[in-house]
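Dear colleague,

I am passing on the structure we spoke about, and I would be glad if you could look it over before reading my notes.

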Amino acid sequence: MEQSKNAVEQKPVFMPRVNSDNLVKTDMVRFERHVGFASRQKKKSINDLHQVIRKKYGFNNVLELSSKSGNKLSFLLSPLSLQLTDEHSGGQYSVENIFQASKVFEQGGPYTDLLTAPPRQAKKDERLHDSGQLVGYNDFGVEWGLEPLTAFYDWLYINALKQNSQLHEEVMQYQAFTDIEFNPKKSIHCAAYSLAMFVALNKRELLGNVEDPGTFYDLHTEFKLSNTEHLLEQGWF
């Protein structure tokens, strides 16, 4: 049987920025994807992706955030694992649980019971797909709109990571972040992007008041956005 040939693929890389008008620079990188579903094939693809990034940008430290990386830090930083203590309820939930449980649709939501569901199960709850168009978010009574894109998700992730200070020292060593499982055609929200934004805010010493939604919104809109939306508009996907 003839062995499947590897394919050329493109994935985004998210790079924190300190001295520019955006917090995160998002670029597309072409690399060789090793065909197959086996874990070792995914790891080979990640290695090839990171080699291209290191060569193109001169970086030494690049972190893959998906579960395919096999890195313990990646697991701890996953939105499925990273916990946020909510100031309103005092409860502690994963970023993924809060995000899914806060969604408001034309025909329902927020479905707050998803706060205590297993994170992967919460993400796949049928109501999230059968309740019409997404119209916004309601996080324990605090309402968020859909614009600017990713603002609510970024706020959740950045505040969760801020609370987990034991992860900061290691996180700050990385110059770029990837998620080989992220598909910009299906979602605009990516934890690797939010993580890069956290690093940029930390380096700029702007993490002081990010807990306040209004302050974070102003901060988010003060800088130019560079997420995968503009890449879709440019025809990358």
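This is a predicted model: local features need pLDDT of at least 70, side-chain atom pairs count only at pLDDT 80 or more; totals for chains, interfaces and linings use all residues.

The largest pocket has a volume of about 1400 Å³, and among the 44 residues that line it, Glu-96, Gln-100, Lys-123, Ser-187 and His-189 are the closest to its centre. Several elements each supply at least two residues of this lining, including helix 3 (95-101), helix 4 (119-123) and helix 5 (151-163). By class, the lining of the largest pocket divides into 19 nonpolar, 16 polar and nine charged residues.

In the backbone, a cis peptide bond joins Gly-109 and Pro-110, with omega about 0 degrees, and Pro-110 sits in the loop between strand 6 and helix 4. The peptide bond from Glu-147 to Pro-148 is cis as well, with omega near -5 degrees, and Pro-148 belongs to the loop between strand 8 (142-144) and helix 5.

Thr-150, in the loop between strand 8 and helix 5, has a positive phi near 75 degrees, and it counts as buried because its relative accessibility is 4%, where the cut-off is under 20%. Glu-205 has a positive phi of about 60 degrees and is found in the loop between helix 7 (191-203) and helix 8 (213-222), but this residue is exposed, with a relative accessible area of 72%.

With best wishes

Terms used: Residues are numbered from 1 along each chain as its sequence is written. Side-chain values use heavy atoms; hydrogens and water are left out. On a 1 Å grid over the protein atoms alone, a cavity is a set of points where a 1.4 Å probe fits but cannot get out, and a pocket is an open set with protein on both sides within 12 Å along at least five of seven lines; lining residues have an atom within 4 Å of a point. Grid points are joined across faces, edges and corners, and a volume is the space filled by probe spheres set on the points. Helices (H or I, at least four residues) and strands (E, at least two) are DSSP runs, numbered from the N terminus. Ala, Val, Leu, Ile, Met, Phe, Trp, Tyr, Cys and Pro count as nonpolar, Asp, Glu, Lys and Arg as charged, and the others, Gly among them, as polar. Buried means under 20% relative accessible area, exposed over 50%, partly exposed in between (1.4 Å probe, protein chains only).
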